[in-house]
Every structure is written in structure tokens, then in C-alpha cells.
Amino acid sequence: MTSKTFTRLPNLINVLLLLSLVFSGNILQRVTSLGINYGQVGNNLPSPDKVINLLRSLRITKTRIYDTNPQILSAFANSNIEIIVTIENQVLTLLQDPQQALQWVDSHIKPYVPATRITGIMVGNELFTDEDSSLIGYMMPAMINIHKALVQLGLDRYVQVSSPSSLAVLAESYPPSAGSFKPEVSSVMQQLLQFLEATRSPFWINAYPYFAYKDNPDKIPIDYVLFNRNVGMTDPNTRLHYDNMMYAQVDAVAFAAAKLGYRNIEVRVAETGWPSKGDAGEVGASPSNAATYNRNLMMRQFAGEGTPARRNSRLDVYIFALFNEDMKPGPTSEKNYGIFRPDGSLAYNLGFSTMSTTTANSQSVTYSSSATKVQISFYNMVCFVHNEYKCCNNDEFSVLSSYRQ
């Protein structure tokens, strides 16, 4: 993708329109492609009703949970917030039996739909990794049985069925046009893609440029992974230009699917994010980088971008995660992906602030670095335009200050 120039009037109009949306406070309301993951592996998280108020204050209307917590599903009834639920990996063996799958849907989904807007069921999470491939064989029978159960109960018109994969399913990802699936999962991926095409469901991936950067900080430019302005890379086979790693990762999956004969499968991002804290060896984990990554990603979402290979198709993305989760196992970074602390205060300056940070129940959000609404002047807008999205007043324009296209 090439950088924007501002020599033509339509470009100026687009930028001013973007500004007007931001500072009207309604921009998030207009972004239907942005969701956020609501993990619960913590002992001090707010109640679901407070989470709903927090999501509303952000004007985010999509979330995903990693189970089918009945307290959450009941609380989200009539909230008009779409929710994707997850079947835990350890349950998949039971769902090889169609009758067990029917009972699962009847008890975990049917009581809540349609009052609770359950729009998707994730069958497991990252069932194939480099370390463990024992679960991936359970994926397709479980997905097929769950879908048949939804059809039998008349719920398939509400709920899609899919399963999120990590990038470990790829044998090649660079350049994106070389994307291909590993031989050991190609057969399962073929079945998955066939199922997704037949049910008109998306292929979900978990895409974390952070991991690639952490492992090779001397070789991968930090601006390329943070969506900052950079020279990027051009795919030598397609001549498509990439100015960020996440879009390259998404397109690598799309090219891999195309090589198996599925050119029209929609690829969506189930998880992406950046940790605000890490252990000594976790290079790049910091509040500044987390804020930059998520802020820039949000601005891409606000602009309705597609990837270079699918410019005309808006990319759906779910940010990981809503909260820091203090009980997650693993390195320090795993506990610190949250945009918010458990008390509802911001974990870092993302470019908007809250009127109250003491409770997630009474917050409202403004797009500034103070609690008062920003007053926009024509001078600031003109300065903004001529600096190619580099804002003149960092305090007032912090939500936009790192956006590059």
C-alpha cells in the first residue's frame, strides 16, 4: 500500500470526514468490523453487567468469550452486543457423537438465542500448534455435528460455526503469495475450507506480529509490525505492497486457501494484540508499543481497510484483549494483553480517556487525552492534513497521532 498524498480534493474531504467522525464521538459506532476478546482468566474482573457498560462506552458491539459462561450469556441478553462463544478444547472428544453435540447446543446455545445475539461458535482454539497436533483430528467431526445440531434446532440462521487457527498451520508465509499449509494439516484444512464454503462461514486466524518481532527484533523493523509509517515490502510475485505484517499474515492464509481451490473464503482475525508488559527476554512488550499497535490498528478499522490482496473487502478484526488476566499461565506477557485493567481503568494511553476510571459501570469515553471533549479548529485540521496524519497537537489528537496508510 502506498502512502496517501493530499494533492486532490477528494483526499482532503475523506480526511475531514474521518476527523468529523472521530470527534463526534460516534466513530466506533460506525465500525462493525471491530470486536474485542473478553477473556475471564482472572480473579478480580468486573461483573458481566459492568463489562457491557464498558463495551457500550467504547461503542464496540462485538465480543468473543472463551467458553459459554451462562452468567455472561444471560447478562448480554437484549444488549444488542454480538457475542461469539467457544467450545473448549477438552470438550471436543464428546462432540464426536452427534447426540452429544445436539445436547450441547440445546443446553449451551438454545436457551439464550435470539435475546442474546450469539453469532458464532468457535469449535476449539488453535487446535494445531507446532508443539501439539493431537486435537486437530477432532475438529471437523465436532464442527459438522455442531452445525447439524444448529440446523435441527432451527438456530443455524443465527449462528456460524468455525474454528480459529494459529499461523502454525502455514508452511510458508513469506512473501504472502507463497502462503501454503503444512503437509500434515493440508487434508484437514481442505475439509475445513469445504465446510466453511458450504456454510458461508469465515476462516478465522490468530495473527500476532508481536511474536515474529520478539523472535527477530534485529531483522524485523518495529514500525512494520506496529502499523507505523515505513517502507514496507513488495511481494515479488504479485507486486502487492505491504506496509504492515498483520495484513501480510492474513493474505498468506488467503493465498494458502486459494492453492487448495478456495479463492473466495473470507479470512478474519479472531485475535491480535500486543502485550504492555513482559519478562526480560520478551523484547518489545511495553505500554508504548501496545498503545501504538492497538491505536494504529483501530484507525485502520475506522478507515474500513482491506488487505492488499482484498482491498475492497473490509477486514474483520477482534483485538486481544479487553482485560489483563492475572491468572493466565505462561510468561508475564500472557497476563498483560488487556487494554483495560480489571478495575476498568486504561492499562495505557490508547488515545482516549475515561471520565471515571474507578469503575467500569459508570464510564464514558472521549477521544482525547483529557476528560473534556476536544475542540477542533480549522487550523488543526489543515495542519493534520499537510502532515499526512501526523497531528499538530499531540494532546488533542492522540487517538490519531500514529495512523499511517
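1. Start with one pair of residues in this predicted model: Ile83 stands opposite Ile118, which belongs to β4.

2. Strand β2 (residues 62-64) runs parallel to β3, and 3 bridges join them. Here Thr63 is the residue that stands opposite Ile83. There's a β-α-β unit on this side too: β2, helix α3 (residues 70-75) and β3 make it up, and it is right-handed.

3. So where does β3 sit, on the outside or enclosed? Count the buried residues: 6 of the 6 in β3 are buried, so the strand is largely enclosed by the rest of the structure. It's worth checking the two sides separately. In a regular strand the side chains alternate between the two faces of the sheet. In β3, one side has Glu82, Ile84 and Thr86, the other has Ile83, Val85 and Ile87, and all of these are buried, so both faces are covered.

4. Lys62 deserves a look of its own. This lysine lies in strand β2. Is Lys62 buried or exposed? Its relative accessibility is 10%, and buried means under 20%, so Lys62 counts as buried. Lys62 and Glu82 are 20 residues apart in sequence, yet their C-alpha atoms are 4.7 Å apart in space. Leaving out residues up to four places away in sequence, Lys62 touches Thr32, Leu34, Gly35, Ile36, Ile81, Glu82, Asp316 and Tyr318.

5. Last stop, the largest pocket. About 1400 Å³ of space lies in it. Which elements give two or more residues to the lining of this pocket? They are β3 (82-87), α7 (209-215) and α9 (245-259), so you meet our strand again here.

6. Sorted by class, the lining has 20 nonpolar, 14 polar and 10 charged residues.

Conventions: Residues numbered from 1 in each chain as written. Predicted model: local features only at pLDDT ≥ 70, side-chain atom pairs only at ≥ 80, totals over all residues. Heavy atoms only, no water. 1 Å grid on protein atoms, 1.4 Å probe; cavity = no way out; pocket = protein on both sides within 12 Å on 5 of 7 lines; lining within 4 Å. Points joined across faces, edges and corners; volume = space filled by probe spheres on them. Helix = DSSP H or I, 4+ residues; strand = E, 2+ residues; numbered from the N terminus. Nonpolar A, V, L, I, M, F, W, Y, C, P; charged D, E, K, R; others polar. Buried < 20%, exposed > 50% of the residue type's maximum accessible area, 1.4 Å probe, protein only. Pairing = 2+ DSSP bridges. Right-handed = clockwise from strand over helix to strand, strands pointing away. Contact = heavy atoms within 4.5 Å.
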